[in-house]
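Here is a short report on a predicted model. Keep the sequence and the structure side by side while reading.

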Amino acid sequence: MKIFSATMIRNEIDIVESFLAYNLKYFDKMLFADMQSSDGTLEVLNKTREKDDRVQYYNLPYLAKYQSEAVGALAEIAFCEGADWLFCLDADEFLKSPDRGHLERTLRNFGSEVMHLPWINLIPTTYGSFNNFDITQKFHWTGRVSQYVKVAFSAQYAMSNPDYIVTMGCHDLKPTLSGPPEGQKLGVPLFHIPVRSAERISYKAANALDLQGRKHNHCEGEGKHHKSNLYVIQDLGCDAAVLNALAADYGATTDPLRPLDPAALNWPTFQLEGHFSNSRSPITRELSSVELRQTDLNKDWMRFDMPPGAVVRGRIAGNTIELLPAPMRGDRTRGPAKFSSLDKSYVGRPRPLDAASIVEALVAMEMGPPVDVFSAWTDLVPTQGALFSILMPRRYVELGVHNGMSFFAACSHSERLNLGLECIGIDSWEGDPHAGMHSSAVFDDFQTKLSRLFPGQMYIQGYFDEVSKLFQDSSIDILHVDGFHSYDAVRHDFEMWRPKMSNRGVMLFHDINVHERDFGVWRFWEEITDEFPHTSVAHGHGLGILYVGDPNSDAAELFQILRKNPILERLSKRYLEAKIHQQHQQNRKFAALKKERDEVIAANNKEKDKVIAANKERDRAIAAKNEMARRLAHAEQKILESTNAFYSIANDKWWTRTQIFRKTSNIVRKIKKRPVKTWPKRV
Amino acid sequence: MASISIIIPIFNQLELAKQCLSSVLNAKVESRFKVICIDDASTDGIVADAFREYLSDDRVSIWRNNSNVGFTQTANRGLQALPDTHPLLLNSDTVVYDHWLDVMIEALESDVQVCSVNPVTNQNGSHISCYPRAKWGEVHRLPISDRKLAEIAFEEARSIFVPVHTNVGFCMLINRRSIHEIGFLDCEHFPRGYGEESDFCYRARKLGWRHLVAGGVFVTHLHGKSFGDEKATLREQMLPIFRRLHPDQTTMDAAFRTRDPLNELRQRLDFGRLKQLRGNNRMIRVVPLSAALLDAEPVLALDPTENTDGVLRFAGSWSDTFPNLPSYRLPNDLERLALDLEYLGYQRVIFDEAGAVFNEIKKYNQHWRSEIVSFADCEAYFEICRAAENNSRYSPDKEFDDQVVQ
């Protein structure tokens, strides 16, 4: 069983020697991505490598913390070299396992291809200085592993999930770019010594914050513990008790922080067992944190410009790790890392062009746009179809995709003409002053459409210069230049991409017919046409078709035919224009019909409204009638009730029972000779 | 380092504590141990006075906290007392029986990574290792004394150690090395007790330690008397803290309940009790379910209603106190039934009450035929055994038949 480790390291002179001395007993190879360390870390790595070839390091010359990408690159090489398991560690982490045999047994019996390694945050009893830390001392810890974990995974996992991603900080592993992280299963714990001296922790936090901020794909919440660590040290000072509290629950400290003394709390202790050398070899002059920061800035850093959120991938190239924009397929899986040169002996269509190919080209022109996105390019779709049909390209690259009208057309031509064409759309999807600046909604829309319609075709999010590194020379058959339209930009694009064109290369330039604002394509087109065979169409803002390939290739034939027969060229242009004209007319007719239909519908709606109003009136009348009827019924009910009440009183037995009193009173009245009273008779 | 320090934190309820201590001192064990009783400032009386009779025993020491500091700190004080021994936390409302300590030590030493060991206990004594039912709830009074049950456990399940995700502190033997590594119980988060031992177990598990239940020990835990009325409130206060510290608690508990790793152990104990019930009887009758529940001695009840093939299960008037006995589907489980009967010491299965059972059996006679060795239809009895192992033990002998016919 081969076990490798991958570590991204930068200026960790106080711990790197101990890290190597301790962890080398577990690993078959320890891979490092070094971010141009200048405090002696590099010398230590170098010296260890001379003695022990299990240590291997690569330079990471970017001034930003691309940890996920760097570890990805190291993982790739680790599995290439036959690793069975890869541990993603930091320089302050030490495996807790009795020995190598035990580690192997644990891995073998683990029952999962992904292992999460919980932190045991160690609290030093004596803190070191900026450059020196005593690893052999006694450490305290809380007795509770941290909620944070690191990750290790097997070759099996990498093989079955080729698009896996180790997330920033190596805390999680995702099977795909947009998938949820793998479920946690705890395995071998890690001793973690993040706090070694006050100066070191503040340097590290400030450094990490700076480097993370420089990343194009930096997301909110990443490395927030660095910020809180800085604040804590600023607010509470760098007392041992404060550092203890920082170390105790590193990354999850509560607010406010309570300084603590682990010895008084009777916390358990650990001591790292390993052959640590006592005296460090005098490698370099010891730098203070201020000096170190100064040296850092003076280093020769490589620039890496990417639009925010673009997918990036790290690759080992010689001794360095190179960051490159990642080609993505429509279904969000990774495309190939690089695009290699195309075969020179390829012959597209048998010569000479015969009637059949012309008929096919004519058929290709009839194919409409595949999606309901419309732009200035819609008029050029037939031209593109004819071109593809005749040239039979193998790789089509588009600079400046925007909403993807022309790109989707190319994909659909490839599919309908059965060309097996590889289409690659390149854009930053940030917009430009000519096309208008746009939001990420345009990209999202494009991405969704691509995943639905052409999941196999690729796009690359990035700036053209950065992306051009992915293409080897002579690797593109058709390049469509539709980026920023100023003269300088177009000339730059042309010069940058000219060597990438194959021996059958054709470049398309859009907007050669636009003379407004600072559009400069027309000027460039006028200049360049002197040098290369070409043709163009004027409609749809103009499309220039420039042949930059080998003059003896079969593709050159088309341009020769056109050059020799100006009438034919004019005819074909006229045909295309007529076609577009016809299309426009149809569109107009369609629009007129649509308008008419809308009018009818509107009239219809008006009638409908009237009917509805009448109906409403009727309903209201009925409602009023019903209301009256209800009231009448109510009144009748009332009358009935009063009548009943009257009869119930009249029929009441009391009348009969009190009759004796009435009669008696009348007798008394008669005796007293008063007028006799009469009561109503019982009904 | 096989010596053990038994730590008994005491707070009030001195009679129970006394019962516990005397059971510890009187149980037959081979291991050496010391007992440390720590009185957490009881208000009922003076522990030292009540325990005067035990003071002469040099294995016992009785300490007293000056003020009431809560269970966790008291326990920690005990854990720190004898650093060369494996500590055993014992609640004062428990009763232990012979051999208990020996088996628990066997479990502790069965693997290097064992952190803690729990015994089996009565219903509601623990949510992990309770018997006879896994569920918390109504207590079924068993028709057998706990002492007897402990004996059965020792005989039947001495070699069974079941790994569990966490243990309970009523009687927990702890590996001293694990304490060196992860420290003592957490009195900051769980000052009063309740949850601190689970927290300890969870912490240890995340470092790779394992927890076992020793099947061969039965300890009575008169649960609920440990904390009295405080219990409900303590539990309510503890749960959110515990869930914050261990977000995986809900899933772990749910997985434990569904997987139920102790099921086999419980079944083994049920079998042990069944053996006791069997006495010297070597034959078991098959009767219809309706008749089965009247009988005091074990019978095999045939329940034809459950599915078309019928189900056999052990039954008797005591059935509801044996919740873990398996049932045997016909005819697939006949082999298992034969094995279990052999384990229990039965040699014959007799079908009597010819009318009812026989008519039921007849329905699937074709399934049975291969399994039936002898069949006498006048009296309607036959035996079950594995046709493959048609050895002399199972073959019918004449004398025996005569007995049955009478």
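Two residues count as in contact if their C-beta atoms, placed from the backbone, lie within 7 Å. By that rule, Leu86(A) touches Phe4(A), Ala6(A), Ala75(A), Ala78(A), Ala152(A) and Phe153(A), leaving aside residues up to four places away in sequence.

**Nonpolar cores**

Leu86(A) also belongs to the largest nonpolar core. That core has 231 residues. Leu86(A), Cys88(A), Ile7(B), Ile8(B), Met104(B) and Ala153(B) have the most contacts inside it.

| Core | Residues in core | Named members |
|---|---|---|
| Largest nonpolar core | 231 residues | including Leu86(A), Cys88(A), Ile7(B), Ile8(B), Met104(B) and Ala153(B) |

**Where the chains meet**

The contact draws nine residues from chain A and eight residues from chain B. On chain B, helix H6 (176-182) and helix H7 (196-206) each supply at least two residues of the side that touches chain A. H6(B) gives the largest share of that side, three residues. By class, the side of chain B that touches chain A holds three charged, three nonpolar and two polar residues.

**Leu362(A)**

Leu362(A) sits in helix H10 (residues 355-366) of chain A. Is Leu362(A) buried or partly exposed? Leu362(A) is partly exposed, because 15 other C-beta atoms lie within 10 Å; a buried residue would need 20 or more. Ser160(A) is 202 residues from Leu362(A) along the chain, and their C-alpha atoms are separated by 46 Å.

How values were computed:
Residues are numbered from 1 along each chain as its sequence is written. Chains are lettered from A and ligands numbered from 1 in the order in which they are written. This is a predicted model: local features need pLDDT of at least 70, side-chain atom pairs count only at pLDDT 80 or more; totals for chains, interfaces and linings use all residues. Helices (H or I, at least four residues) and strands (E, at least two) are DSSP runs, numbered from the N terminus. Ala, Val, Leu, Ile, Met, Phe, Trp, Tyr, Cys and Pro count as nonpolar, Asp, Glu, Lys and Arg as charged, and the others, Gly among them, as polar. A nonpolar core is a set of buried Ala, Val, Leu, Ile, Met, Phe, Trp, Tyr and Cys residues joined through C-beta atoms within 7 Å. A residue is buried if 20 or more other C-beta atoms lie within 10 Å of its own, exposed if 12 or fewer, and partly exposed in between; C-beta atoms are placed from the backbone.
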